[in-house]
Amino acid sequence: CYIYGITVLTVSASHHKLSLKVVSVDVSVKEILGDIVLVKLEKEKLLFNDQWYCRCINVTTPSGECVEFPCYRWIANEQEVVLRDGKGDLVLWVNKNFSYHLKNSPNNQKINFAFETAKTVTSLCMITNLGLNELMMLFQSSWTDIADFEKIFVKIKNTVSEHVMQNWNEDLMFGYQFLNGCNPVMISKCRNLPDNFAVTQEMVESSLDRGLTLQEELKAGNIYIADYAILEGVQANATDPDTKQYLAAPFCLLYKNSQNEILPIAIQLSRQTTAEVFLPSDDQYDWMLAKMWVKCSDFNVHQLVTHLLRTHLTSEVFAIAMYRQLSAVHPVYKLLIPHVRYTIAINTAAREKLICESGLFDKANVTGGIAVVEVIHKAMKTLTYKSLCFPESVKARGVDNKDDLPNYYYRDDGMMVWEAVKRFVSLVVWIYYGSDESVQEDEEIQAFVQDVCSSGMKYCPQNSEFPNSLKTREQLVEYLTVVIFTASAHHAAVNFGQFDWFAWVPNSPSTMRKPPPTQKGQVDMKYIMESLPDRGRASWHLGAVWALSQFQDGELFLGVYPDAYFTEQPVKEATETFREELAKVTKIIKRRNEKLKLPYWYLSPDRIPNSVAI
């Protein structure tokens, strides 16, 4: 341990492997070195692998001043770590050599992840632990009846998933999920019907309860749509030559009735204007299968776009740019570091276990194989900066008005959390940035956003509006709010309900093994069971959604920052204010949920992890 700066001092370091034993080291020098500016730690290589976890270094000077040097990282053999004191600093006084050390390598993410969450990777393949391995022996055999899915479901069912199992085929439950299910971002206000959607007034007249025509309901703002155009032309999973799989790109027209319920009133499974339009008045099996096709499309768009791209991969872009461009002493680094915890590591694990060749996507999902790349590439063309700004995203879909569309808890809770995060970020930004000019002159911040724009988001469209520079403090506040909200709240909203809503396979099939019907009156239960995932795929599906819905041991929830990267009192006070605001939001959500038959808790701050870590 090398201390630069004073004559006589004491160093205290916490050592994780020794049950948090505190080690004190006295270091003396013969001449006065001046103010302390940094601490350098070096770990010698031993015969055995004994990585050390250092929380922080506390240095006490002869005058009694205590200076904190936050570390919060693992130190491996022959690794050198340079620490600055805990005060945020916008001006880098260090030379390029020290700057290199201050900009943390993502390698430490791997070490942290290996020690803290290695079991997560194993849990992604929980087939054996769930007792599902026996069903894998009959991998490609179909179930006999819908009730047969209880053979795997019963093992780990919960209150919400049981409710889904009992009510999944009701139109009300189908519509409710577009608001408060696991993929609550697909529903949009429909002002004009798409040209290739062949629905007519005569088809839906019996479903409209206000006595208005379809055009009048459209004008009144009571018609909504879920459009899965992104799946058009995508090649279905062909990795298993023994099982043909099929993919559709449906339209689903939804109606807000006079009781403010969202109900499906028309489904078209292809993009052709001559395609059949399925209706609630059709034969029960025709309508049941049409809704299954929509939910299969919804599940796969959720997995690849809503979840993987718009939380995991987007957060990784921000994380890598942060590590590359921001020094550990920078206040924005200190602000963001809790919100990128383990993100690079979990994404690496996902690439190795989930979306790789012969991974879980290939085994269970119709978007396995080359479809993964196809869908992600298409989705990147629609990824814009404003779509990551929560208020802008709900407004763009025409669903921002509470009176117009009540009981949209994803929107309501999301707005409360967004505003709380934004106020916290504002407090921190105003502490360190005295003017808009100070933002413009911050070379590291400008390099950070430029890195995101030019490297991480380079495949987005030219009009994606990811900024390549920031001019004002307000712009910086919004940008950092996007980073934190995406990694915490939005990931929580679309991840931790996966078992609740996807565990009952008929409600959200991961694949379909028969082509979508093109005519009415030709579907029976046998055809439906031959369409749904077989025993093996259903088992893989259930194991995955269970594992992905679990919180980590020792999970750190929004506003909980045990690693004290900030040492200044104003920031500590801002953090405490943030926690108090989040506690108020939690209470509001809890009070509302007590009155609901089906509570919505995914955006309750006490259940929002700080980062994408699962």
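Strand 4 and strand 7 (residues 80–84) run antiparallel and are joined by 5 bridges. Two strands count as paired if DSSP finds at least two bridges between them; helices (H or I, at least four residues) and strands (E, at least two) are DSSP runs, numbered from the N terminus. The model is predicted, so local features need pLDDT of at least 70 and side-chain atom pairs count only at pLDDT 80 or more, while totals for chains, interfaces and linings use all residues. Residues are numbered from 1 along each chain as its sequence is written, and side-chain values use heavy atoms, with hydrogens and water left out.

**Overall content**

- The protein contains 23 helices and 12 strands.
- Of its 614 residues, 57% count as buried, where buried means under 20% relative accessible area, exposed over 50%, and partly exposed in between (1.4 Å probe, protein chains only).
- Taking contacts between residues at least 6 apart in sequence, 76% join residues at least 24 apart; contact means heavy atoms within 4.5 Å.

- An open sheet is built from 5 strands in the order 8-9-10-11-12, with antiparallel pairing.
- Strand 8 (188–189) and strand 12 (277–278) are the edge strands, each pairing on one side only.
- Helix 7 (residues 171–180) packs on this sheet and touches strand 9 (223–227), strand 10 (251–256) and strand 11; the direction of helix 7 makes about 95° with that of strand 11. Such angles run from 0 to 180 degrees between N-to-C directions, and axes are lines fitted to C-alpha atoms, for helices over the stretch in contact.
- Strand 11 (residues 262–268) runs antiparallel to strand 12 and is joined to it by 2 bridges.
- At this pairing, Q268 is placed opposite V277 in strand 12.

**Helix 10**

- Helix 10 (residues 284–325) lies across strand 10, strand 11 and strand 12, at about 95° to strand 11.
- The end C-alpha atoms of helix 10 are 58 Å apart, which agrees with the 62 Å that its 42 residues should span at 1.5 Å a residue. The expected span is 1.5 Å times one less than the number of residues.
- A kink of about 50° in helix 10 is centred on L308; the bend at a residue is the angle between axes fitted to the seven residues ending there and the seven starting there.
- Because 36 of the 42 residues of helix 10 are buried, helix 10 is largely enclosed by the rest of the structure.
- D283 caps the N-terminal end of helix 10, with a side-chain oxygen 2.9 Å from the backbone nitrogen of Y285. A polar contact is a pair of N or O atoms within 3.5 Å; within protein, one must be able to donate a hydrogen and the other to accept it, and residues adjacent in sequence count only if both atoms are side-chain atoms.
- H307 lies in helix 10 and is buried, with a relative accessible area of 5%.
- The side chains of H307 and N495 are joined by a polar contact of 3.1 Å.
- Beyond its neighbours within four places in sequence, H307 is in contact with H302, H312, H491, V494, N495 and Q498.

**Helix 22**

- Helix 22 (residues 535–548) has 14 residues and reaches 20 Å from its first C-alpha to its last, close to the 20 Å expected at 1.5 Å a residue.
- Helix 22 is mostly covered, as 13 of its 14 residues are buried.
- At the start of helix 22, a side-chain oxygen of D534 comes to within 3.3 Å of the backbone nitrogen of G536.

- S161 belongs to helix 6 (residues 159–167) and, at 0% relative accessibility, counts as buried.
- Leaving aside neighbours within four places in sequence, S161 is in contact with F153, F499 and D500.
- E474, which lies in helix 19, counts as partly exposed at 47% relative accessibility.
- With neighbours within four places in sequence left out, E474 is in contact with W430 and D436.
- E474 and V439 are 35 residues apart in sequence and 9.9 Å apart in space, C-alpha to C-alpha.

**Positive phi in loops**

- Most residues other than glycine have a negative phi.
- S358 has a positive phi near 65° and is found in the loop between helix 12 (343–353) and helix 13 (360–364).
- E465 has a positive phi of about 65° although it is not a glycine; E465 sits in the loop between helix 18 (443–456) and helix 19 (473–495).
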